[in-house]
Amino acid sequence: MAKVTLEDIVSLCKRRGFIYQGSEIYGGLAGTWDYGPLGAVLKRNIVNEWLKFFVDGWDDMYLIDSAILMNPKVWEASGHADTFHDPLVECSNCGSRFREDQVDAGKCPNCGKAKTFGKPRQFNMMFKTHIGPVDDEKSISYLRPETAQGMFTNFKNIVDSFSPDLPFGLAQVGRNFRNEISPRDFIFRAREFEIMEFEWFLAEKDWEKYFEKWRGDMHSWFRKLGLDKDRVKEIEVPASDRAHYSKRTIDFYYDFPSLGFDELAGLAYRTDFDLKNHQEHSGKNLEYRPKDGSKPFIPHVIEPTFGVDRHVMAVISNSYSEDEQDGEKRIFLKLPAHLAPVKVAVFPLLKNKPELTKKAREVYKMLKKENEAGMLGPRTTGTVAWDDNGNIGKRYRRQDEIGTPHTITIDFQTLEDNTVTVRSRDTTDQERVRVNEVSKKLS
Ligand code: GAP
């Protein structure tokens, strides 16, 4: 198979209704993307799997959903107001602006002129907005650039309501906003995106033990998504490149088409940096009181963080496959069945034969019911689809490209012996199966 490019992925996503450019009919809006019906379900399946893997299975993990708008003092305490910067350079010839590390060659990527960049200036990436009807200094607020702060600001609430023992975790999945100087590479670097992450609060002495524990679990998570082992690697982030709050960070890189290895997720030891600063700035006591009566202290934190959109991009890239069928190139997505937006598609062989469509409708309804009852394999939001559009070959192509693991065709033989053809996406093998045994075959 020829090397898959980012263009192949972007084109499939648009063609088949996974992801579109944001505000496309108005020429787009840089750094924004809209998920179409299939992308929305794929994304939701990834998030649901993440919740199952990192939250639901644990007694000591608490899911929260905090507000995107936060008191601006949060960002002073967290350090984002002062340090959430990227170095910005401006071309003196054409006025284009770039992040400094993107003009390594010293030539302007827009006009091509060399040596037109002056000294970089620090550009804060938080999106500013105004709360209420008056646009003055006092009404300034920010759209959150990370979900983590909602976990720190609710630490005391959770301790007061649930009295958890240490260690315990607060998890969250939600939207984040960063005014990236140069959004690029499809959904890889956007201005609005989602993060799934959790803060694991612990006693300082335990940080190394749990850092290793979550490091191992993160690898298991990537396997669960079906990502190839040799396409995921760890990078130990040197002190000079670490976020202002971190004493140790490992980034997990995925080998994205065209981009090569780049960040998919991260694991940071945030020490007691955040809680300590929130205690100072808010004046509220954020110490944890051990139940054995020993001295209260501010817990330290390990933070595994995962970019949802980069996960969608990695899963699609990892699944993208090509082969040749009957002398023609075929594109298909080898999505793991538990992530596929459509689990199974039902086809009447011919659209204009009422006896076939009637029987196919019956099978379709039966499978929909069985899917609701969790009988078609892992319980996700994947649906049963109906497709009678175009010839069978075209329908196979369509379903292969969106990663539907199986398709079912109702033909004239079905009317005689109540069997259907079940076709596998990956092998294209076809098999006759009795209607009442289809769910067993798919699960
Ligand atoms: N609370 C820690 C934190 O926010 P981060 O490394 O800045 O850490 C978390 O972001 C994850 O979000 C990254 O590992 C990456 O997958 C994703 N991410 C970061 N910036 C992004 C952007 N501009 N567009 C899409 N995803 C992004």
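In what order do the 5 strands of the open sheet lie? In this predicted model, where local features need pLDDT of at least 70, side-chain atom pairs count only at pLDDT 80 or more and totals for chains, interfaces and linings use all residues, the order is β19-β18-β20-β21-β22, with mixed pairing. The edge strands, β19 (383-386) and β22 (430-434), each pair on one side only. Neighbouring strands of the sheet are turned by 25° against each other on average, direction ignored. Residues are numbered from 1 along each chain as its sequence is written, and side-chain values use heavy atoms, with hydrogens and water left out.

Strands (E, at least two residues) and helices (H or I, at least four) are DSSP runs numbered from the N terminus, and two strands pair if DSSP finds at least two bridges between them. Strand β20 joins β18 (residues 342-348) in the parallel sense over 5 bridges; here His406 is the bridge partner of Val344, and Ile410 stands opposite Pro348. With β21 (residues 419-424), β20 pairs in the antiparallel sense over 4 bridges, and Ser424 is the bridge partner of His406.

Because 5 of its 5 residues (406-410) are buried, β20 is largely enclosed by the rest of the structure; buried means under 20% relative accessible area (1.4 Å probe, protein chains only). His406, Ile408 and Ile410 point one way, Thr407 and Thr409 the other. In a regular strand the side chains alternate between the two faces of the sheet.

Helix α10 (residues 354-372) lies across β18, β19 and β20 and runs at about 170° to β19. Such angles, from 0 to 180 degrees, are taken between N-to-C directions of axes fitted to C-alpha atoms, for helices over the stretch in contact, meaning heavy atoms within 4.5 Å.

Technical notes
Buried means under 20% relative accessible area, exposed over 50%, partly exposed in between (1.4 Å probe, protein chains only).
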